[in-house]
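Hi,

Here is the structure I said I'd pass on. Have a look at it first, then read my notes below.

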Amino acid sequence: MKPVLYVIFALFYIEAVSQYQEVPLATEKKMSWFADAKLGIFIHAGIYAVDGIDESWSFYNKKISHSDYMKQLRGFSLRNYNPAAWADLISESGARYAVITTKHHDGVSMYDTGLSDLSIVKSTPARQDMIAPFFSELRKRNLRCGAYFSLIDWSHENYPAVTKDSSRYSVENDYERWNRFRTFFQGQIKEISVKFNPDLWWFDGDWEHTAEEWEAAKVRKLVLQRNPDAIINSRLQGHGDYETPEQNFPVSKPAHRWWELCMTTNDNWGFHHDDNWKTPYEIITIFTDVVANGGNLLLDMGPMEDGTIPPQQVRVLKELGAWNKKNGEAVFHTVAGIPQGHFYGPTTLSKDSTVLYLFLQGNNAGPVTIKGLKNKIKNITIPGFGGTLEHKIVGKISWSHVPGIVYIEVPQSALDKYVTVLRLQLEGPVSLYKGRGGFN
Ligand code: GLC
């Protein structure tokens, strides 16, 4: 056989084998930046900001007709869009990554897609791609870049559903048409991979079809072929890397090794006429509780149609940033804290587990207690407060290994405006008593 034939044969073989190769699962190494990041900012930018109505859902739920919804295209200007200022604010908040909508369920691409005219570049006065300049500003500040992408596309002629009770066709009856849609959405995923190379993919809307219908395994492969380090959220019918509870805090620690709570700052994802803003105190208590349970918080903001970030949103991010600046040691690069019952509140640990951080909610001075801590405490400090705090051990029997209860006196003057952090330097890695009391 001629050498050139060998080469051709080898290429075919590699291609054929790679079809069946297992797609790598998440590894500790790949997930490490995400695990350390703790805070991300979610951005729901879209034409829904023009009228300040529900993103995509407003026409799906028939609050407005699809054609009236699309009239918002005319009003989307981005005339005050300043991606550098956005990235500055995100960085100031303490976040380590941002995730922006490249396309929501309404099908309007926020970048220049070659596969449809329905984009802010071709169909709105903004006439520009939002994603490339934003990612470039994020990367200048060492922030990771996430692409939100809706698998659902209610505006696409080959997508089965349009509104909640009307549909174009059913997948079972016209698989060829569905296949045309698949080629389209997977084409957009390839486009986004090539143009922006996201560090993280935030898929949404997987609930409308099965893994087989989306070809979820193939989608995962598409993404990882371009960037093997890309992280994928869970909304890909079982083919993601981490769990995404939404809005409501899980009461007990999620079982998944990696998870991220996505949450709005008022009650809406996109810009809305909604004044129910969460306070900085509420955001910080939720944030520290998430981190104490081993997760990340993806806090959302909804910019206006001209690219302005609402002032209330800016305030929350700046307050969060100031708190992180002072107390960030207790949050970033830490791991989940000790199990509930030892201390009535969230806790984290340094990675070598020789430092235990306690988060005091509610701003109460006075004694704080810890049960079942076997380690000696070398010292106790509070970020931003000079000096060390006293502690007393109560109920320790000298000849028993059962630890006593630790009482720490927290002075009023040491309290943080929002959540106070106690830093306990332990002797050795944390060790907890799990017994039933008494002498053993
Ligand atoms: C929901 C909604 C969507 C929103 C998303 C963010 O899945 O469908 O509108 O973008 O949550 O998590």
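**What I found**

The C-alpha centres of domain 1 and domain 2 are 36 Å apart. The protein chain is split into domain 1 (1-25), domain 2 (31-330) and domain 3 (337-426), with bounds that come from an automatic or database domain assignment.

Before you go on: this is a predicted model, where local features need pLDDT of at least 70, side-chain atom pairs count only at pLDDT 80 or more, and totals for chains, interfaces and linings use all residues. Residues are numbered from 1 along each chain as its sequence is written, and side-chain values use heavy atoms, with hydrogens and water left out.

**The ligand**

Which residues are closest to the ligand? They are His 44, Glu 55, Trp 57, His 104 and His 105, out of 14 that surround it (a residue is near if one of its heavy atoms lies within 4 Å). By class, this shell has seven nonpolar, three polar and four charged residues. Here Ala, Val, Leu, Ile, Met, Phe, Trp, Tyr, Cys and Pro count as nonpolar, Asp, Glu, Lys and Arg as charged, and the others, Gly among them, as polar.

Now for the polar contacts (pairs of N or O atoms within 3.5 Å). An N or O atom in the side chain of His 44 sits 2.5 Å from an oxygen atom of the ligand. For His 105, a polar side-chain atom is 2.9 Å from a ligand oxygen, and for Asp 204 the distance is 3.2 Å. On its own the ligand has 310 Å² of accessible area, and the protein covers 94% of that (Shrake-Rupley method, 1.4 Å probe).

**The empty space**

Rolling a probe the size of a water molecule over the atoms shows where empty space is left. On a 1 Å grid over the protein atoms alone, a cavity is a set of points where a 1.4 Å probe fits but cannot get out; a pocket is an open set with protein on both sides within 12 Å along at least five of seven lines, and lining residues have an atom within 4 Å of a point.

The second largest pocket has a volume of about 280 Å³ (the space filled by probe spheres set on the points). Of its 21 lining residues, Ala 35, Arg 257, Trp 258, Gly 294 and Val 335 are the closest to its centre.

There is one cavity of 30 Å³ or more. The largest cavity holds about 50 Å³ of space, and 13 residues line it, with Asn 266, Gly 270, Trp 277, Gly 302 and Gln 313 nearest its centre.

Cheers

Key: Polar contact = N/O pair within 3.5 Å; in protein donor to acceptor, adjacent residues only side chain to side chain.
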